[in-house]
Amino acid sequence: MSAALDVTPAETVVSLLARQIEDGAVVATGVASPLAILAIAVARATHAPDLTYLACVGSLDPDISSLLPSSEDLGYLEGRSAEITIPDLFDHARRGRVDTVFFGAAEVDATGSTNMTASGSLERPRTKFPGVAGAATLRQWVHRPVLLVPRQSRRNLVPEVQVATTRDPRRDVRLISDLGVFELGASGARLTARHPWASTEDIAERTGFDFTVDDSLAITSLPDARTVAAIRALDPRGLRDQLVGR
């Protein structure tokens, strides 16, 4: 934590998500993506003013003056430069025109497979999860998918997902949680960074799959004053702190 800025874990995670977006990138969000929307707005307000944002509510480059509780809020239509449909979004992704999308998951395993479908099995589900919402194909088409688990535990980072909703065995994928950063793929999981408040022991205790640790394990940088100011201006109600663990 930074005594000068009094930075919260949620602000550090949002800042890290924003840094996954390069200036000039094309980014998109699906349903239930408030942290991703906040990260996109922060990136645009700081280091990536020329990003292009495709919002699933149906707008291209909306003005985001304040984070709203729902990703489908019609407030995200305000200030749009054009309207865009879900088929448009998928068409752009299929043609290689979308750089980054953040994907959530109820379960993730060391190979990078995710479960957003159900616990149990498809034949006999015990609990239904929110569903795939097209992520199975979208994840394979975007240039740089990022997985997001804002409250890491052994219940969501598991040895093997019960139902594989999305997978992409061709390439590794980055997973960002409230404790650290993993690279996941066919060769297994590797911890590449820990957040300042989490030790490797903390992370191991709340991880259900085996993982290796980089020899020179990075520590996530705290956001600078400009980024913190942008986060707080865009999320005055503090929704971020309700969504990120700790």
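**Ground rules.** I am working with a predicted model, where local features need pLDDT of at least 70 and side-chain atom pairs count only at pLDDT 80 or more, while totals for chains, interfaces and linings use all residues. Residues are numbered from 1 along each chain as its sequence is written, and side-chain values use heavy atoms, leaving out hydrogens and water.

**Overall.** I find seven helices and 14 strands in the protein, taken as DSSP runs (helices H or I, at least four residues; strands E, at least two) numbered from the N terminus. Buried residues, those under 20% relative accessible area with a 1.4 Å probe and protein chains only, make up 50% of the 246 residues. The C-alpha atoms fill a box of roughly 50 × 45 × 30 Å along the principal axes.

**Helix pair.** I looked up how α1 packs with α6 (residues 225–234): the angle is about 105° and the axes are 10 Å apart. Axes here are lines fitted to C-alpha atoms over the stretch in contact, with angles from 0 to 180 degrees between N-to-C directions. That makes α1 roughly perpendicular to α6 (65 to 115 degrees). Glu11, Val14 and Ser15 of α1 meet Thr227, Val228, Ile231 and Arg232 of α6, a contact being heavy atoms within 4.5 Å.

**Gln20.** I placed Gln20 in the loop between α1 (9–18) and β1 (26–29). Gln20 counts as buried, at 6% relative accessibility. Leaving out residues up to four places away in sequence, Gln20 touches Thr100, Phe102, Arg144, Arg174 and Ile176.

Conventions. Parallel < 35°, antiparallel > 145°, perpendicular 65-115°, else oblique.
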